Amino acid sequence: MNELRVAGSRTVAAANRYLRTRFIPAFNAEFGRPPADRRSAFVTLGRMDLEQILCVEKERVVGRDNVVQADGVPLHLDKQRGRRTCAGLHVMVRRHLDGQHSVW
């Protein structure tokens with residue numbers, strides 16, 4: 001950024017100081033506008049389960065041993081009522097933010 005060089009900012013601390021004291025106030029003065037509606041734009045989520053939304057989801061096929069692989073982790077599926085085996089089923093494997101996996 002030329003402005004940082006011209007301002008003589010040679011370190012991260014000096015660059016941060018320049019941004020905080022000069023660049024951001026000047027930028028806000030030039031481009032800042034009051035909101036058309038002062039009310040908050042945030043809304044409540046309601047009954048959403050963020051654990052099921054904020055995850056990485058991949059389709060996998062269950063092996064003959066009732067195991068599905070996800071991120072190098074073997075996940076053994078429990079017996080399902082009314083089904084001898086889950087082999088060959090296409091399932092969705094979710095890796096959640098805490099690193100846990102779930103199979104759908």
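**Notes on the loops, core and cysteines**

1. Let's start with Asp71, which sits in the loop between strands S2 and S3 (73–76). This is a predicted model, and in it the phi of Asp71 is near 55 degrees, a positive value in a residue other than glycine. Asp71 is partly exposed, with a relative accessible area of 42%.

2. Asn66 counts as buried because its relative accessibility is 11%, under the 20% cut-off.

3. Next, the core. The largest nonpolar core is made of 8 residues, namely Val62, Val68, Ala70, Leu75, Leu77, Cys86, Val91 and Val93. At least two residues of this core come from strand S2 (67–70), and at least two from strand S4 (90–96).

4. Leu77 is worth a click in your viewer. Setting aside neighbours within four places in sequence, Leu77 is in contact with Val62, Asn66, Val68, Cys86 and Val103.

5. Finally, the cysteines. Cys86, a member of the largest nonpolar core, is buried, with a relative accessible area of 4%. Cys55 is partly exposed, at 21% relative accessible area. How many disulfides does the count come to? With a disulfide taken as a pair of cysteine sulfur atoms within 2.5 Å, the count is 0.

Key:
Residues numbered from 1 in each chain as written. Predicted model: local features only at pLDDT ≥ 70, side-chain atom pairs only at ≥ 80, totals over all residues. Heavy atoms only, no water. Buried < 20%, exposed > 50% of the residue type's maximum accessible area, 1.4 Å probe, protein only. Core = buried A, V, L, I, M, F, W, Y, C linked by side-chain atoms within 4.5 Å. Helix = DSSP H or I, 4+ residues; strand = E, 2+ residues; numbered from the N terminus. Contact = heavy atoms within 4.5 Å.
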